[in-house]
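Subject: Structure handover

Hello,

Here is the structure I promised to pass on. Please open it and keep it beside this email as you read.

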Amino acid sequence: FQRARTCNTTSTNLTRSGSTSAARPVRQRRVGAADLAKLKALFSHALYSQHAPSSPDDDTLLRIRTQGTEEQDGQQWLSNSQEGYDPIQWKGSADTHPPWLRFHLGITRWQLYQHRDINLPALLEQLSNHRITSAVQKSGGTQLKLVITFSNYGQALFKPMKQERYDETNVNLYYFSDFERHNAEIAAFHLDRILGFRRVPPVVGRLVDVIKEIKEITTDHKLARTFFHSPVGNTCFYGQCSYYCSTEHAVCGRPRALEGSLAAMLPDLSLAPRRSWRNPWRRSYSRSKLALWEQTPTYCNAVKKTPPYDQGTRLLDIIDMTILDFLQNNMDRHHYETFEIFGNNTFLLHLDNGRAFGRHSKDEPSILTPLVQCCRIRRSTLLRLQLLSSPQYRLSDVMRASLSQDPLDAVAPLLTESHLTALDRRLATVIQTVQQCLLRHPNHHDVIYDDIPDFLD
Ligand SMILES: Nc1ncnc2c1ncn2[C@@H]1O[C@H](COP(=O)(O)OP(=O)(O)OP(=O)(O)O)[C@@H](O)[C@H]1O
Ligand SMILES: [Mn+2]
């Protein structure tokens, strides 16, 4: 254990913001070669390359139109160089495409990106370093966030840092009043990938220059009007939104460098419409009311009879999402989204993880309710959880290793050791819950859905 954390090797040109000088209440362990080796071994495990039979064409979200001549094809992707944007010359072949476009074209019925996707490092690199040409507020939603556009026409959803990494959510605050955390968005992407889901859009942390990369280039006048200098000379802004958009809740650079998360933008809704679904285990979002599921132990029986949960793998996907949320202590999963084109047989997007990782000292058993009530889980998920609970691949160690690859982790660890320890503790609870299910159900097939019958453990 070591008090001061040395910089990891990252390819980014970060300037230190000074935000690290705040006292750290917990000792941080530096990522070691052993952790990185564990992560490498984990991703080499056969359980990560088990996938559905190779995707036929109708299983990709988007396709480049192939009718027309080669020439027309090329013209489709040409643009006159607009101010601030790179001139483009994209053709049908993928190697002429920027990383964000390859990401969009790679989305399939069951996942956002492939295991060992060769485009992923390039996409993350773009999000961390590419020149920003525009930043405007994202309308809708409750808290301040920006849509950032890069000079190659890629886009990202930016969530600014609102509180120190080491702050725990105030115990008197309801989950629906909690601030969103940029580091939670980043950690959720890593956790989701480590769990083998690949349903969180890729996210990186980045230090954004609030003057050069937001104020001076924004075309959003409402946003621009909210910039001001704080008493100590930091540049701050608060934007317009339904909560926390006021001088008291401004986000501030130090003096102009602001930490935030950048999530790769999904394809535009006009190309790939999405459907939003109400989570059957949604909380009441009221201080006094309990939801029906909290008072009805047999609630899952009713859900199982209700479309779309009565068919296919939708319920199993809810359970996967439940496990992700219990591990990261996210109580704010009121809705989830799917891509409309895939109908009911498709994965659930794990968007909006900003209220995860608010507390490390406490677990929230009610988040696991769908698993407890339904006693159902994919075999591939369970086997990966068991893998992650063994010392050889310990979840906290592989998370530490994975997070160390993010540029912001060099500024300060994205998750504290307490949060990493909480992950191991919660993982043990998930596995115990499944074991209790198995005790209650003499036929294991009632609990474990074998999605990988050819895999022998
Ligand atoms: N990576 C993404 N690409 C495109 N759209 C996204 C992405 N992430 C989130 N969104 C969309 O933006 C909307 C708002 O995002 P998010 O839920 O993270 O913010 P929020 O302020 O917490 O919103 P709410 O208060 O409604 O939960 C989401 O409903 C989702 O449809
Ligand atoms: Mn939200």
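**Around the ligand**

Ligand 1 has 13 residues around it, and those that come nearest are Gly141, Thr142, Pro201, Leu266 and Asp352. Please keep in mind that this is a predicted model. The shell around ligand 1 is made of six nonpolar, five polar and two charged residues.

Is Asp352 buried or exposed? The cut-off for buried is 20 or more other C-beta atoms within 10 Å. Asp352 has 24, so it counts as buried.

**The whole chain**

The chain has 457 residues, and 40% of them count as buried. Its secondary structure comes to 15 helices and 14 strands. Take the contacts in the chain with a separation of 6 or more: 73% of them join residues 24 or more positions apart.

**Two domains**

The domain assignment gives domain 1 (47-53 + 269-449) and domain 2 (128-264). Their C-alpha centres lie 25 Å apart. The contact between them takes 35 residues from domain 1 and 31 residues from domain 2. Which elements give two or more residues to the domain 1 side? They are H10 and helix H13 (395-403). The residues on that side divide into 19 nonpolar, nine polar and seven charged.

**The core**

The largest nonpolar core has 90 residues. Ala156, Ala187, Leu191, Leu262 and Met399 have the most contacts inside it. Helix H10 (residues 314-328) gives the most to this core, with eight residues.

Follow Met399 for a moment. Which residues does Met399 contact, leaving aside its neighbours within four places in sequence? They are His190, Leu191, Ile194, Leu415, Leu420 and Leu423.

Start with helix H5 (residues 182-194). H5 is mostly covered: 13 of its 13 residues are buried. At 1.5 Å a residue, its 13 residues should span 18 Å. The end C-alpha atoms of H5 are 19 Å apart, which agrees. Just after H5 comes Gly196, with a positive phi of about 85°.

Now look at helix H3 (residues 99-106). Six of its eight residues are buried, so H3 is largely enclosed by the rest of the structure. The buried ones are Pro99, Trp100, Leu101, Phe103, His104 and Gly106. What do they pack against? They pack against helix H4 (120-129) and strand S10 (257-264).

**Residues in loops**

Leu368 lies in the loop between strand S12 (335-339) and helix H11 (369-374). Leu368 has 21 other C-beta atoms within 10 Å, so it is buried. Not counting residues up to four places away in sequence, Leu368 touches Thr322, Phe326, Val430 and Thr433. Leu368 and Leu327 are 41 residues apart in sequence, and their C-alpha atoms are 9.3 Å apart in space.

Arg116 is in the loop between H3 and H4. Its phi is positive, about 55°, although Arg116 is not a glycine. Is Arg116 buried or exposed? Arg116 has 10, so it is exposed.

Finally, look for the cis peptide bonds listed here:

- Arg254 to Pro255 is cis, with omega near -15°. Pro255 lies in the loop between strand S9 (251-252) and S10.
- Pro307 to Pro308 is cis, with omega near 0°. Pro308 is in the loop between helix H9 (299-304) and H10.

Best wishes

Note on methods. Residues are numbered from 1 along each chain as its sequence is written. Chains are lettered from A and ligands numbered from 1 in the order in which they are written. This is a predicted model: local features need pLDDT of at least 70, side-chain atom pairs count only at pLDDT 80 or more; totals for chains, interfaces and linings use all residues. A nonpolar core is a set of buried Ala, Val, Leu, Ile, Met, Phe, Trp, Tyr and Cys residues joined through C-beta atoms within 7 Å. A residue is buried if 20 or more other C-beta atoms lie within 10 Å of its own, exposed if 12 or fewer, and partly exposed in between; C-beta atoms are placed from the backbone. Helices (H or I, at least four residues) and strands (E, at least two) are DSSP runs, numbered from the N terminus. Two residues are in contact if their C-beta atoms, placed from the backbone, lie within 7 Å. The expected span of a helix is 1.5 Å times one less than its number of residues. A residue is near a molecule or strand if its C-beta atom, placed from the backbone, lies within 6 Å of it. Ala, Val, Leu, Ile, Met, Phe, Trp, Tyr, Cys and Pro count as nonpolar, Asp, Glu, Lys and Arg as charged, and the others, Gly among them, as polar. Domain bounds come from an automatic or database domain assignment.
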